[in-house]
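Open the model in your viewer and keep the selection panel at hand.

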Amino acid sequence: MAKAQKLYACTVCGVTQPKWAGQCPGCEAWNTLVEEMVTHTPGTPAPTKTGRLLTLDTLDAPLTPLTRSMSDIGEFDRVCGGGLVPGAVILLGGDPGIGKSTLLLQVAAALSAHNPCLYISGEEAADQVRLRAQRLGVEKCPLRLASATSLNDIIATLEKEKPAPKLVIIDSIQTMFLEQLDSAPGSVSQVRACTQELIRLAKKSQMTFILVGHVTKEGAIAGPRVLEHMVDTVLYFEGERGHHFRILRGVKNRFGATDEIGVFEMGREGLAEVPNPSELFLSQRGENVPGSVIFAGLEGTRPLLVEIQALVAPSSLGTPRRSVIGWDAGRLSMVIAVLETRCGVTFGARDIYLSVVGGLRISEPAADLAVAAALLSSLYNVPCPHDTVYFGEVGLSGEVRSVAQEELRLKEASKLGFEKAVIPARRQKVKVPLPSLAIDEVAFLADIGRSFETQEALAS
Ligand code: TYD
Ligand code: MG
């Protein structure tokens, strides 16, 4: 007879052990062990020791061609690596209310025009999904719908369904459960076992699955980290609550590049694609404000111009405040330290606020130079020229280092009507590809510091 046994599982790495402990022995995270009930069947036969012989292959054996299905929502298809691959399992994470269900309903509805698609919601009743479909104007699409949480029922239905669905949405994996396990839905063992079952079915039947995953307070997909290792693709849907922009970011993709982003705008009728995000992010820029700088960034294969704002303000606190939105706080401290030590700039006891406008998150070190320029511009109260973009990485000795895809960034700046670019000094003089753009090469951060100082002196 099967016997239920109490175990403690880590919600981060999935390690199980019989006793509770404050720190996980696997990943050394604190307070991550939770109680789980697992069923152990005594008397299961020992695994056989002899295995079948494998057929070994060569690298140049002919490939089975991948036929990707396109949803015609270009931003989504690109982040997936150019459409959905049969048999792939995709995990979509994001904060509650950010628009995961909306995005997936739109994608499934668009795909259902050419392929049989299924939307299974464990969180909402079928009527709620229908209401949303009406709001999105997709209620006439041939998408099939079910509200269920029992994975056994879902798998039985999927295996019987004719024609076999090409795409199945599971919203969300934390609400699904297998009756064989005693633990509650959303627990580490349920989430892991359900995902394993779905992966097995996906590989066998060549259906594509998109699983919605809730995120924890820390922003990771709830359930063990192993979930991210098990699936083929991990996407995050992010954005600031107060903004309309939503960014779909690929963090793992076995069938394409991971550094792609898709930009959407949440409106009354759902998510609309934003094919030219630079224009959108720059649309509300004020003219000649000190502390505002345009950074020519890169997201995946796409150049993206964004505004970075800094405010250096007198502080009333003993320890001045450093507040960052959309960039790395450690990186800001480094840029400030380099400015103070290598360029003779003193911020003294001033608060420093830095913000990437539009709710975007930048992770590139290439933004260092733009951040430094924004800080200096605010400190000296000298506006940066309105028609200038900046990019470049700053090293600890104050040197400005070159970054990837400089030409691409310059082209985007020129396309949007910018006239000057401040960029890292290049070792080989490459011919400037764009006659309309004046290039100002800087080798050291101190050069930029001096130009702001001179302008301040001239102004006063
Ligand atoms: P939802 O897709 O339910 O989020 P998630 O599944 O990630 O929890 O999105 C809910 C939010 O989106 C909700 O606050 C309302 C908003 N919304 C719109 O602004 N416009 C729309 O057309 C829809 C469908 C939702
Ligand atoms: Mg939802």
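Helices and strands in this tour are DSSP runs, numbered from the N terminus; a strand is a run of at least two residues. The model you are looking at is predicted.

**Stop 1: the domains**

Colour the protein chain in three parts: domain 1 (3–40), domain 2 (74–275) and domain 3 (279–459). Then look from domain 1 to domain 3: their centres, taken over C-alpha atoms, are 46 Å apart.

**Stop 2: ligand 1**

Select ligand 1 and the residues around it, 16 in number. Which of them come nearest? They are G97, S101, T102, G267 and G270.

Now show the secondary structure. At least two residues of the shell come from each of α2 (100–112), α3 (126–136) and β11 (261–267).

Next, zoom in on the oxygen atoms of the ligand.

- G97: a backbone N or O atom of this residue is 2.7 Å from an oxygen atom of ligand 1.
- G270: here a polar backbone atom lies 2.7 Å from an oxygen atom of ligand 1.
- R132: this time the side chain takes part, with an N or O atom 2.9 Å from an oxygen atom of ligand 1.

Switch to a surface view. On its own, ligand 1 has 560 Å² of accessible area, and the protein covers 74% of that.

**Stop 3: the largest cavity**

Rolling a probe the size of a water molecule over the atoms shows where empty space is left. In this model there are four cavities of 30 Å³ or more. The largest cavity has a volume of about 90 Å³.

To find the largest cavity, select its lining: R285, G286, N288, V289, S292, V293, I294, C384, P385, H386, T388 and Y390. Which element gives the most? That is β13, with three residues. By class, the lining of the largest cavity has six nonpolar residues, five polar and one charged.

**Stop 4: the second largest cavity**

Clear the selection and pick S69, L84, V85, P86, L111, N115, C117, K166, L167 and T208, which line the second largest cavity. The volume of this cavity is about 60 Å³. Its lining divides into six nonpolar, three polar and one charged residues.

Methods:
Residues are numbered from 1 along each chain as its sequence is written. Chains are lettered from A and ligands numbered from 1 in the order in which they are written. This is a predicted model: local features need pLDDT of at least 70, side-chain atom pairs count only at pLDDT 80 or more; totals for chains, interfaces and linings use all residues. Side-chain values use heavy atoms; hydrogens and water are left out. Domain bounds come from an automatic or database domain assignment. A residue is near a molecule or strand if one of its heavy atoms lies within 4 Å of it. A polar contact is a pair of N or O atoms within 3.5 Å; within protein, one must be able to donate a hydrogen and the other to accept it, and residues adjacent in sequence count only if both atoms are side-chain atoms. Accessible areas come from the Shrake-Rupley method with a 1.4 Å probe; for residues, only the protein chains shown count as cover. Helices (H or I, at least four residues) and strands (E, at least two) are DSSP runs, numbered from the N terminus. On a 1 Å grid over the protein atoms alone, a cavity is a set of points where a 1.4 Å probe fits but cannot get out, and a pocket is an open set with protein on both sides within 12 Å along at least five of seven lines; lining residues have an atom within 4 Å of a point. Grid points are joined across faces, edges and corners, and a volume is the space filled by probe spheres set on the points. Ala, Val, Leu, Ile, Met, Phe, Trp, Tyr, Cys and Pro count as nonpolar, Asp, Glu, Lys and Arg as charged, and the others, Gly among them, as polar.
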